[in-house]
Amino acid sequence: LRVAKYARLTQGDGTDVINAVKELELEYPVVVKTPRGMSTMDVFICKDEKEAVQHSAEIVRSVGPDGRKTQYALLEEFLGGEEFALNLIASPTTPRGVQVTDIWMYHKIETNGTMVNTYQELVD
């Protein structure tokens, strides 16, 4: 399983995007997202540096859905392909501590720079 390269962005003006992209040797598009979100809220696929700086700055200065200030934004390498979501139960009484209950494949479209889930289907 390939995991995206990532960095935490903390500058309120978004300027740390530039160095992070260089250090991680990323190419655009990149993903900028909030660590306090849910689903695809505040997840942006940025086609260029200007978009990445703008969205990072907005996220760092924002308040999350839980009412707390967001301390940083996440910059991630964009990995194309299908997206899956797993629902699970975590419990000390479950073998290995975790049990997957179901897996869903998302079908998304890009709308105004963010991916929007149009529907999902249960994977057998």
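Is Tyr 119 buried, partly exposed or exposed at 45% relative accessibility? Tyr 119 counts as partly exposed, because its relative accessibility is 45%; here buried means under 20% relative accessible area, exposed means over 50%, and partly exposed is in between, using a 1.4 Å probe and protein chains only. The structure is a predicted model, in which local features need pLDDT of at least 70 and side-chain atom pairs count only at pLDDT 80 or more, while totals for chains, interfaces and linings use all residues. Residues are numbered from 1 along each chain as its sequence is written, and side-chain values use heavy atoms, with hydrogens and water left out.

We can begin with the chain as a whole. The protein chain holds 2 helices and 7 strands, and along the sequence these follow the pattern β-α-β-β-α-β-β-β-β. Helices (H or I, at least four residues) and strands (E, at least two) are DSSP runs, numbered from the N terminus. The C-alpha trace spans about 45 × 30 × 25 Å along its principal axes. Of the 124 residues in the protein chain, 34% are buried. A contact means heavy atoms within 4.5 Å; among contacts in the protein chain with a separation of 6 or more, 45% come from residues 24 or more positions apart.

The surface and the charges complete this overview. The accessible surface of the protein chain is about 8400 Å², and carbon and sulfur atoms contribute 52% of that. Such areas come from the Shrake-Rupley method with a 1.4 Å probe, and for residues only the protein chains shown count as cover. There are 13 positive and 19 negative side chains, and the centres of the two sets lie 6 Å apart. In this count Lys and Arg are positive and Asp and Glu negative, while His and the chain ends are not counted. Each charge is placed at NZ of Lys, CZ of Arg, CG of Asp or CD of Glu.

Next come the sheets. Strands of a sheet pair through backbone hydrogen bonds, either parallel or antiparallel. Two strands are said to pair if DSSP finds at least two bridges between them.

Strand E2 (residues 30–33) is joined to strand E4 (residues 73–77) by 4 bridges, and the two run antiparallel. Here Val 30 has Glu 77 in E4 as its bridge partner.

The loop between H1 and E2 deserves a look of its own. Glu 25 sits in this loop and has a positive phi of about 55°, although it is not a glycine. Glu 25 counts as exposed, because its relative accessibility is 65%. Pro 29 is also placed in the loop between H1 and E2, and a cis peptide bond, with omega of about 10°, joins Tyr 28 and Pro 29.

The other open sheet has 3 strands in the order E5-E6-E7, again with antiparallel pairing. E5 and E7 stand at the edges with a single partner strand each, so one side of each is left without a neighbour in the sheet. The twist in this sheet averages 35° from one strand to the next. Strand E5 (residues 83–90) and strand E6 (residues 98–111) are joined by 8 bridges, and Leu 88 stands opposite Val 100 in E6. Another 8 bridges join E6 to strand E7 (residues 114–122). Bridge partners in E7 include Gln 120 for Tyr 106 and Asn 117 for Lys 108.

This brings the account back to Tyr 119, which is found in strand E7. Leaving aside residues up to four places away in sequence, Tyr 119 touches Met 105, Tyr 106 and His 107. Pro 35 is 84 residues from Tyr 119 along the chain, and their C-alpha atoms are separated by 23 Å.

Notes. Axes fitted to C-alpha atoms, helices over the stretch in contact; angles between N-to-C directions.
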